[in-house]
Amino acid sequence: MDKNNFSQHINQNRITINDPFWSKYIELVRDEVIPYQYEALNDRIDGAAKSYCINNFVKAGKIAKDISNGIIPPVYPEDKWEYTDDNCDKNSFHGWVFQDSDIYKWIEAVGFSLIHNPDNELEEKADQCIDLICNAQLENGYLDTLYIINDTSKIFTNLKDKHELYCFGHMAEAAVSYYNATGKRKFLDSTCKFADLICNTFNDNNIKGYPGHEIAEMALVKLYKATGKKRYLDTADFFIRQRGSKPYYFDMERGYDRKDDSLDYFYNQAHVEPVNQDEAVGHAVRGVYLYSGMADVARELVNEKLFDACEKIWDNIENKKLYVTGGIGATVDGEAFSFNYDLPNDLAYSETCASIGLIFFARRMLEIEPNRKYADVMERALYNCVLSGMAEDGKSFFYVNPLEVLPEASHKDSRKRHIKTVRQKWFGCACCPPNLARLICSIGEYSFTENDNTVFSHLFVGGRISTRHGEITVNSSYLDNGNVSFSIKPNESFSFAIRIPKWCRNFSISKDYELIDGYAYIKIDSECDIDVCFEIKPRIVCCSNLVRANIGKACVMRGPVVYCAEEIDNGKNLQLLRLSHEKELDYDGEFIIANGFKEKINEDLYYDFDGKTKEKECQIKLIPYCKWGNRGENEMTVYLNLR
């Protein structure tokens with residue numbers, strides 16, 4: 001862990017995106033997704049699951065006012081994961097226990113969007129939401145609508161399950177984003193008031209608990225960077241140090257007296273102290289949120305042991321638990337990481353939020369150690385699993401991102417009912433849509449980092465970047481033809497480091513360079529242009545033969561983009577297709593056409609094999625994985641039998 005290698009991402013307000021690929025997504029989020037999600041949060045989408053989010057803050061605001069006036073509010077049960085019209089009083093909290101976080105993620109996306117696209121009407125809506133949020137805050141700083149509405153006596157009594165600290169984490173990230181965009185302090189000050197209460201409540205002299213669902217760790221570090229208040233960093237470190245220590249805090253808060261190793265704590269990554277963890281386990285989103293916070297704290301406190309744990313966990317994910325699409329979390333049971341090399345295609349969970357969290361983790365590891373392995377995974381997740389989570393019109397979403405879909409199985413097989421065959425208008429548990437919006441709106445912050453000596457180019461997103469070393473203009477046709485050009489106007493000498501993706505077999509750079517850990521370092525002394533050309537062509541990719549689901553199979557990629565076959569292009573029974581490895585793959589600017597064979601259907605359930613396979617030659621049309629499911633319900637597969 002070399003402090004000289006540490007870098008910091010370049011903030012969104014110093015980046016202007018002008019990219020043929022990403023600009024359309026940013027505009028889609030601004031013009032369609034953010035307004036659509038605002039309507040969803042207000043329960044105004046016909047046919048969509050109710051959010052209840054805004055209404056909860058309205059209720060909580062009235063109760064907070066009553067409490068401040070000495071009026072004791074009614075008490076309702078707080079014993080559920082989800083509160084619906086059918087199972088609770090109409091005046092109680094509604095929705096999932098973490099429902100507050102949806103509005104926070106929406107505000108965070110709004111903040112990122114407003115930086116480069118001022119919108120008075122949108123800002124006014126956000127201000128109104130912030131007023132609702134602040135009105136719901138108790139005088140001591142506490143803010144979680146579940147407990148304010150239902151029972152304030154139970155505050156911080158079930159850290160394992162009830163998500164108070166998780167909701168705070170999203171609140172903090174939203175507050176920093178909105179403050180950076182508008183300069184308005186109301187939301188930031190409200191968040192700091194809650195953060196101060198948390199710091200006073202959780203420490204070595206008081207409650208020795210930690211979040212059930214992680215994110216507060218990295219959010220506290222972000223709040224520390226925004227305010228300079230070191231107690232926020234100290235509390236993030238405290239949460240990480242306490243996690244997994246024995247006796248288990250989650251047992252103590254529930255009055256359990258267990259003598260075993262509480263294997264169920266793998267779900268919460270609380271089975272051992274984070275510094276001693278070496279494998280990604282449990283709920284995948286919780287996991288990568290924790291690992292991101294661990295990386296943040298390791299960097300800020302130069303904690304070698306904690307960084308070593310992050311590296312071991314990263315290597316386990318990258319080399320044994322990562323889908324080719326950049327998805328993580330192989331099993332619906334616990335929405336969790338499975339065992340090593342267990343990567344089923346048709347049962348995959350691969351939650352959109354999990355890949356987004358993996359991108360958070362990757363960027364933080366890059367800020368500690370500039371190694372292309374982190375950026376390669378970040379790119380893979382971004383172009384495939386993440387973008388798959390949203391329809392091309394920005395108005396429907398996938399929570400789960402499988403690699404193989406048979407609609408009949410999803411409808412009739414209970415093991416596969418988590419696999420949706422068409423994107424959904426909204427979810428009661430709606431973590432993924434606003435998570436997508438905030439990531440896409442801040443894509444620039446994942447593209448570049450810098451330190452005292454070097455500017456690093458991790459993702460090849462076109463635009464203008466203002467760094468401490470000078471101005472950089474990027475023109476990118478990366479996905480079209482592999483070409484990226486940089487125009488640099490330095491105000492001092494520095495090194496410019498360009499990632500050379502592992503997938504790229506051949507490349508050229510118009511300047512002399514030194515290749516270190518997958519980055520081409522170029523000395524910049526004066527104004528110059530740098531032209532980079534990555535050879536980008538379709539290729540056949542296989543995975544380890546320890547992945548039982550894919551023995552004898554392969555997928556097709558072009559650059560970082562994974563391709564898939566759909567029924568609408570190739571007919572039913574995609575399992576009968578066989579990809580030929582002996583002929584070239586043709587790319588027509590959008591689709592890949594592969595030569596292959598289609599086996600003739602045999603309806604005999606069993607038959608004696610005569611050594612021959614009845615098949616005919618065919619062409620297999622492949623589309624980018626992120627685009628599947630936009631043309632109606634049909635079969636889809638990423639992996640094809642290899643001939």
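Which residues have the most contacts inside the largest nonpolar core? Some notes from going through the model.

1. The answer is Ile103, Trp106, Phe486, Phe496 and Ile530, in a core of 215 residues. A nonpolar core here is a set of buried Ala, Val, Leu, Ile, Met, Phe, Trp, Tyr and Cys residues joined through side-chain atoms within 4.5 Å. Buried means under 20% relative accessible area, exposed over 50%, and partly exposed in between (1.4 Å probe, protein chains only). In soluble globular proteins, nonpolar side chains tend to be buried together.

2. Before you go further: this is a predicted model, where local features need pLDDT of at least 70 and side-chain atom pairs count only at pLDDT 80 or more, while totals for chains, interfaces and linings use all residues. Residues are numbered from 1 along each chain as its sequence is written, and side-chain values use heavy atoms, with hydrogens and water left out.

3. Have a look at phenylalanine 486. Setting aside neighbours within four places in sequence, its contacts (heavy atoms within 4.5 Å) include Phe460, Ile472, Val474, Phe496 and Ile530.

4. Strands (E, at least two residues) and helices (H or I, at least four) are DSSP runs numbered from the N terminus; two strands pair if DSSP finds at least two bridges between them.

5. Within that sheet, strand 11 (residues 494-499) runs antiparallel to strand 14 (residues 519-524), joined by 6 bridges. Phenylalanine 494 has isoleucine 524 as its bridge partner.

6. Strand 17 (residues 553-558) has 5 of its 6 residues buried. Strand 16 (residues 538-541) pairs with strand 17 in the antiparallel sense over 4 bridges, with isoleucine 540 opposite valine 556. Strand 24 (residues 640-642) is another antiparallel partner of strand 17, over 2 bridges.

7. Tyrosine 446 sits in the loop between helix 16 (432-441) and strand 6 (448-450), yet counts as buried because its relative accessibility is 6%. Its C-alpha is 8.2 Å from that of isoleucine 10, although the two are 436 residues apart in sequence. Contacts of tyrosine 446 beyond four places in sequence include Ile359, Arg363 and His458.
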